[in-house]
Amino acid sequence: MKLLEGKVAIITGASRGIGKGIAESFVRHGATVAFTYLSSDEKARALEQELSAQGGVAKGFRSDASKYDSAHQLVDDVMAEFGKIDIVVNNAGITRDNLLMRMTEEQWDEIMEINLKSAFNLTKAVIKPMLKARSGSIVNMSSVVGVKGNGGQANYAASKAGMIGFTKSVAAELGSRNIRCNAIAPGFIETEMTGALDEKVVQGWRDAIPLKRGGTTEDVANLTVFLASDMSAYITGQVINVDGGMLM
Ligand code: NAP
């Protein structure tokens, strides 16, 4: 069953990792996908080719999520190319971990701009066409760290917690216009990046999770498809963990 047939989606930060997994699942479910990235031109072109080889329609846009004007330009470009925007997945995000004692102002600001302000930028830019269409689903990629905090990640945790407050406020404000907004809180998701970590350390993390494994990008993508689709038409303002039971 294709859950996103006829829908147009913007996914930020999809040249690799979770965003890429979401783009692949969205195309499998029939969506037209506009995805963004910051610098991975080659990976973006490769993903475009991979998705179109599967019969999908997908286009990568180089667009810095932390920049307000770029988000507006992106929405204009996607509207010009595909005519509407039904779904936005605010996924782009980074870490700049450090103990608070050593954290620099730059490390704090960079995280806030790329992880949190980015969601404001694109949501603000997209609500006009969504209000006009009286329909839309916005999915924000938070983290379990935003729910419970984490030593060494005060900046990241604050940005991901901020995303939850933003999600609930957007849901409250735009629900009457049939625009839904939900957040996903992934736990430990195994990506190319975690593949480079010490296997013993990673196994320790897996052992501490009730389901005894790290999550896959597909695990997160499955929930994103559901929240983007009409299957979740009566769900808004929620934060749903995809964490193998890490947080209960
Ligand atoms: P990732 O593999 O590092 O990929 C990050 C993506 O974001 C890349 O496509 C990157 O593009 C893009 N990006 C970075 N800065 C950007 C900017 N300023 N503008 C536009 N795009 C930008 O990350 P991930 O692990 O898949 O994580 C994706 C999201 O899930 C993040 O928000 C992260 O906080 C959240 N999350 C991840 C985990 C996990 O275990 N992996 C757990 C909880 C939450 P380039 O390739 O061009 O740099």
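Analyst: Helices (H or I, at least four residues) and strands (E, at least two) are DSSP runs, numbered from the N terminus. This is a predicted model, in which local features need pLDDT of at least 70 and side-chain atom pairs count only at pLDDT 80 or more, while totals for chains, interfaces and linings use all residues. Residues are numbered from 1 along each chain as its sequence is written, and side-chain values use heavy atoms, with hydrogens and water left out.

User: Lys2 and Glu24 are 22 residues apart in sequence; how far apart are they in space, C-alpha to C-alpha?
Analyst: Lys2 sits in the segment before strand E1 (8-11). Lys2 is partly exposed at 49% relative accessible area; buried means under 20%, exposed over 50%, and partly exposed in between (1.4 Å probe, protein chains only). From Lys2 to Glu24, the C-alpha separation is 13 Å.

User: What distance separates the C-alpha atoms of Met79 and Val242?
Analyst: Met79 belongs to helix H3 (residues 68-82). Its relative accessible area is 28%, so Met79 is partly exposed. Met79 and Val242 are 163 residues apart along the chain, and their C-alpha atoms are separated by 31 Å.

User: How many salt bridges does a search of the whole structure find?
Analyst: The criterion is a side-chain nitrogen of Lys or Arg within 4 Å of a carboxyl oxygen of Asp or Glu. Applied to the whole structure, the search gives a count of twelve.

User: How many residues apart in sequence are the parts that Asp41 and Arg62 tie together?
Analyst: Asp41 and Arg62 form a salt bridge, with closest N and O atoms 2.7 Å apart. Asp41 lies in helix H2 (residues 41-53) and Arg62 in strand E3 (residues 57-62), so the pair ties together parts whose separation in sequence is 21 residues.

User: Which residue forms a salt bridge with Lys84?
Analyst: Lys84 is partly exposed at 35% relative accessibility. The closest N and O atoms of the pair are 3.2 Å apart, and the partner is Asp86.

User: Which residue is linked with Glu190 and Glu199 in a network of salt bridges?
Analyst: Glu190 is partly exposed at 28%. The residue linked with Glu190 and Glu199 in the network is Arg206.

User: How far apart are the closest N and O atoms of Glu190 and Arg206?
Analyst: Arg206 is in helix H8. At 13% relative accessibility, Arg206 counts as buried. In the salt bridge of Glu190 with Arg206, the closest N and O atoms lie at 2.8 Å.

User: Which side chain joins Arg206 in a polar contact of 2.6 Å?
Analyst: A polar contact is a pair of N or O atoms within 3.5 Å; within protein, one must be able to donate a hydrogen and the other to accept it, and residues adjacent in sequence count only if both atoms are side-chain atoms. The side chain in contact with Arg206 at 2.6 Å is that of Gln203.

User: Which residue's side chain makes a polar contact with that of Asn90?
Analyst: Asn90 is placed in strand E4 (residues 87-90). At 3% relative accessibility, Asn90 is buried. The contact spans 3.4 Å, and the partner is Thr123.

User: What area does the nonpolar surface patch of Leu197, Val201 and Trp205 have?
Analyst: Patches are made of residues with over 30% relative accessible area and no salt bridge, with like charges joined within 9 Å and nonpolar side chains (Val, Leu, Ile, Met, Phe, Trp, Tyr) within 5 Å. Accessible areas come from the Shrake-Rupley method with a 1.4 Å probe; for residues, only the protein chains shown count as cover. Leu197 is partly exposed at 39%. The patch made by Leu197, Val201 and Trp205 covers about 260 Å².

User: What phi does Asn178 have?
Analyst: Asn178 lies in the loop between helix H6 (154-174) and E6. Most residues other than glycine have a negative phi. Asn178 is not a glycine, yet its phi is positive, at about 65°.

User: Where is Lys212, which has a positive phi of about 60°?
Analyst: Lys212 is not a glycine either, although its phi is positive. Its place is in the loop between H8 and helix H9 (217-228).
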